Amino acid sequence: MSATSVFPMCVRASRGLLRLRNGVVGPPSASVVDIVRTLSTDKPPAVTGGATGGLAQAILQERLQQQHPSQGQPPPEGGEGEKEQTDDKKQKENTAYAKKMVLRLAGLMGLGGAVGMVYIFGSHSVDEQGNRIPDEFDSEPPVVQQLKRTYKYFKDYRQMIIEPTSPKLLPDPLKEPYYQPPYTLVLELTDVLLHPEWSLSTGWRFKKRPGIEYLFQQLTPLYEIVIFTSETGMTAYPLIDSIDPQGFVMYRLFRDATRYMEGHHVKDVACLNRDSSKVIVVDCKREAFSLQPFNGMALKKWDGNSEDRTLYDLANFLKTIALSGVDDVRTVLENYALEDDPIEAFKRRQALLAQEEEQRLAELAQQKKQAVSLGSIASRFWRTKQQ
C-alpha cells in the first residue's frame, strides 16, 4: 500500500475520532472499523508513515480509556481491608470521644450537685420569724462556714442512723396505784408476728401468724408487751393497730430506736429503761440482740404456714418463766442460747421433766406401798407376840 492510499485512511480515522469526542452517536463507517481492527492488532502495519498511524492509535486508546476507565486496570491491592481498618479506627475514635464527653458531663453534674448541697445544708438555721440563729461557725470565712455546717449536718445525720434516738426509749416504770408487770417482753413484728407476701395482683400484704391473740391475752398480766421492730414507723404503725385492736401492746419502737452495727439493726436492752434481768427479747435474728445475747430468744422465721403453733408454745414458755418467779431471766435463756429452735427444745425438756416427775411419783407410791406392807407385817408380828 502506497503513501497516497494511507493518507485518506488517516483522514477518515481522524474524522471518526472527532465524532466520538464530540459525542456524535451513529453507526461507524467501515473504514473506521477497519482502522480500529488494524490498530488493535499486535503487529504494526507494514506501511510508511508509521508516525501518523501511531498518533491515531494513541488518540484512540486515550478515548477508550476515558469511556471505560475501569477496564484494563487491576484493582488496588488490599482496598477493602484498608477501608475496614479505617472504619474501625473512626468508630473507636467516636467511642472514645463519647466516653470523654460523658465523663465530663458527669463531672460537671457532680460538681454542681456538691455545690448545691453545700449551699443548702451549709446555710444558717432560721427561727420562726426568719431570723438567723447564731452558731459556732459565725467567726469563720463564709466559704469555710458553709463547708463546716454541711459536714456537721451529715455527721449528725449519720449518728442519728447509727445510734438510738434516745438513751431511754421507754418511760419510767409505773408506780402505785398503777400496775407495772414484773417482766418486759420485746417482740419483733416481721417474720415473728407477721409474714410479708407479695403478688402481682395485690402487691405487698402481711399475713397474721396463728396465736397472736392467745399470746397477748395470756401474757398481758405478767409481761409489759413492747413491739420493737426494725421496720419504719410509717410501715409498722398501721400493722400493729391491725393485730392489736384491744390495746395489749403498751409501747411501740421502730427502726430509729435501733443501733445500726455491722449492717444489722440491733436492739439495745440497756436503752429500754428497764431492769435487764427482767427483759426478754423475741426475734428471728440473733444479730438483733447481739449486745445482750442472754436476753433474747431466736425463733425460726415463720414462712406463712397456717398450721403453725409456735406462738402458743411461746406463750406457755414465757408464762412458765413468769409464774416460776425467776429472779434473772438470763439464767434461763442462757440454756437455750445455742438451740436452733428454743421452743422445740423447751417442749422436749418439758416432756422429759414430766416423765421424770411421773417416775418420781411412781417411786413414791411404791415406797408408800412397801411401807404399808412392812407396817402390816410388823403389826401382825406384834399382835402375835402379845397373844
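**Reading salt bridges and burial in a predicted model**

Q: Is Glu188 buried or exposed?
A: Buried means under 20% relative accessible area, exposed over 50%, and partly exposed in between (1.4 Å probe, protein chains only). Glu188, at 3% relative accessibility, counts as buried. This is a predicted model, in which local features need pLDDT of at least 70, side-chain atom pairs count only at pLDDT 80 or more, and totals for chains, interfaces and linings use all residues. Residues are numbered from 1 along each chain as its sequence is written, and side-chain values use heavy atoms, with hydrogens and water left out.

Q: With which residue does the side chain of Glu188 meet in a salt bridge?
A: A salt bridge is a side-chain nitrogen of Lys or Arg within 4 Å of a carboxyl oxygen of Asp or Glu. Here the partner of Glu188 is Lys267, at 2.6 Å from N to O. Lys267 is likewise buried, with a relative accessible area of 3%.

Q: Where does Asp313 form a salt bridge, and with which residue?
A: Helices (H or I, at least four residues) and strands (E, at least two) are DSSP runs, numbered from the N terminus. Asp313 pairs with Lys347, their closest N and O atoms being 3.4 Å apart. This pair links helix α8 (residues 310-323), which holds Asp313, to helix α10 (residues 342-386), which holds Lys347. Asp313 is buried at 16%, whereas Lys347 is partly exposed at 36%.

Q: How many salt bridges does the structure hold?
A: The structure holds 16 salt bridges. Among them is the one between Lys148 and Glu140.
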